[in-house]
Amino acid sequence: MGFLSRIRRLISGQTEIAGVVNVYAPVSGKIVAIEKVPDPVFSEKIVGDGLAIEPKGQLIKAPIDGTIGKIFETNHAFSIESNQGLEIFVHFGIGTVELRGNGFKRLAEEGQEVKMGDVILEFDIDYLKQHTDSLLTPVLIANMEDIQGIDKKEGNLEAGKDIIFSVKL
């Protein structure tokens, strides 16, 4: 994602991204260190740095104001880019791609402009508990090359209300 975003910024005349962006919880639950996610793609920060949330509830909300980039066909993950150029990737659970969309309902569309807290996806937590390896939901910064720093929070949180990390661009 970083390369294409960089090209878009260059074409639009925005060559540098700067400032601080607060990223809010896309799901309610408890913060867990990204290193504890039982998938090396996330725990080894291959996709990007961030944290995970042990979810509760049934809604996945936009963690920032921005544009939905991609919603996976199976509705278990999406990317969003802020106007400042921050790219966030939200991936619900481990082993959810194999469910082929079962347990999820899409409520937003790719390319849609959203505000922090707008509902993107709905999930059936009881179904997912029975059919996935883990419910841990990674929330990652996909364009780490543009980031100067990240301040991660801890504890319990509510979707669309609590900051999970602040990112210095």
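Biologist: What is the relative accessible area of Phe72?
Modeller: In this predicted model, Phe72 has a relative accessible area of 31% and is partly exposed.

Biologist: And Phe89, buried or exposed?
Modeller: Phe89 counts as buried, at 9% relative accessibility.

Biologist: How many aromatic pairs are there?
Modeller: The count is 3 aromatic pairs. One of them joins Phe72 and Phe89, a tilted pair at 5.8 Å centre to centre with 50 degrees between the planes. Phe72 lies in the loop between strands S5 and S6, and Phe89 in strand S7, so the pair ties together parts that are 17 residues apart in sequence.

Biologist: What about Phe92 and Phe123: how are their rings arranged?
Modeller: Their centres are 4.5 Å apart and their planes stand at 40 degrees, so this pair is tilted. Phe92 sits in the loop between S7 and strand S8, whereas Phe123 belongs to strand S10, so parts 31 residues apart in sequence are tied together. Both Phe92 and Phe123 are buried. Ring pairs also link these two with Phe104 in a cluster.

Biologist: Turning to the sheet, what is the strand order?
Modeller: The open sheet of 8 strands runs S9-S5-S6-S7-S11-S3-S2-S13, with antiparallel pairing. S9 and S13 stand at the edges with a single partner strand each, so one side of each has no neighbour in the sheet.

Biologist: Which strands pair with S3, and over how many bridges?
Modeller: S3 pairs with S11 over 5 bridges and with S2 over 6 bridges. Gly50 has Leu140 as its bridge partner in S11, and Lys30 stands opposite Glu54 in S3.

Biologist: Why is S3 largely enclosed?
Modeller: S3 is largely enclosed by the rest of the structure because 6 of its 8 residues are buried.

Terms used:
Residues numbered from 1 in each chain as written. Predicted model: local features only at pLDDT ≥ 70, side-chain atom pairs only at ≥ 80, totals over all residues. Heavy atoms only, no water. Pairing = 2+ DSSP bridges. Helix = DSSP H or I, 4+ residues; strand = E, 2+ residues; numbered from the N terminus. Buried < 20%, exposed > 50% of the residue type's maximum accessible area, 1.4 Å probe, protein only. Phe/Tyr/Trp six-rings, centres within 6.5 Å; stacked < 30°, edge-to-face > 60°.
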